[in-house]
Amino acid sequence: MNLKECYISFGGDYDEVLGRLRREQTVRKFAYKFLDDKSFLQFEASMENKEYEEALRAVHTLKGICQNLSFTRLYESSSLVTSALKENDHDKAVELMPRLSEDYHQIIHSVEEYRNAKEE
């Protein structure tokens, strides 16, 4: 699997991110850094504790990262959750969490698979 195929597997836009970051090595570097980002975990913990302002901050951060890296599918689901939390519609945010979680874990899985194949 190459990096473009990795992006396709999780609903990202490789051509867009390459146009923004210019070099495949840079795209790869930031995709790998995403594996260590704690925004999603902070979001989940904050939602579980009903700390909605903190959850909004975390999911908004995640949305921005996804926009910069052209993680299109996760950007869309994080945008929906961000909007729900901004509107104080906590039930809707909770309802949207499974999609957000699925999109997030798909990226993590795909990037880890890509990195592991690259290291072999």
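Predicted model: local features only at pLDDT ≥ 70, side-chain atom pairs only at ≥ 80, totals over all residues.

Mentor: Residues are numbered from 1 along each chain as its sequence is written, and side-chain values use heavy atoms, with hydrogens and water left out.

Trainee: At what angle do helix α5 and α6 pack?

Mentor: Helices here are DSSP runs (H or I, at least four residues), numbered from the N terminus. Axes are lines fitted to C-alpha atoms, for helices over the stretch in contact, and angles run from 0 to 180 degrees between N-to-C directions. Helix α5 (residues 52-69) packs on α6 at about 150 degrees, and their axes are 9 Å apart. Angles over 145 degrees count as roughly antiparallel, under 35 as roughly parallel, 65 to 115 as roughly perpendicular and the rest as oblique; α5 is therefore roughly antiparallel to α6.

Trainee: How do the axes of helix α2 and α5 cross?

Mentor: The axes of α2 (residues 14-21) and α5 come within 8 Å, at roughly 85 degrees, so the two helices are roughly perpendicular to each other. Val17, Arg20 and Leu21 of α2 meet Gln67, Asn68 and Leu69 of α5.

Trainee: Is Ser79 buried or exposed?

Mentor: Buried means under 20% relative accessible area, exposed over 50%, and partly exposed in between (1.4 Å probe, protein chains only). Ser79, in helix α6 (residues 72-86), has a relative accessible area of 17% and is buried.

Trainee: Which backbone oxygen does the side chain of Ser79 reach?

Mentor: A polar contact is a pair of N or O atoms within 3.5 Å; within protein, one must be able to donate a hydrogen and the other to accept it, and residues adjacent in sequence count only if both atoms are side-chain atoms. The Ser79 side chain reaches the backbone oxygen of Tyr75 at 2.8 Å.

Trainee: Which side chain does a polar contact join to that of Tyr114?

Mentor: Tyr114 belongs to helix α7 (residues 90-119) and is buried, at 2% relative accessible area. Its side chain makes a polar contact of 3.0 Å with that of Arg28.

Conventions:
Contact = heavy atoms within 4.5 Å.
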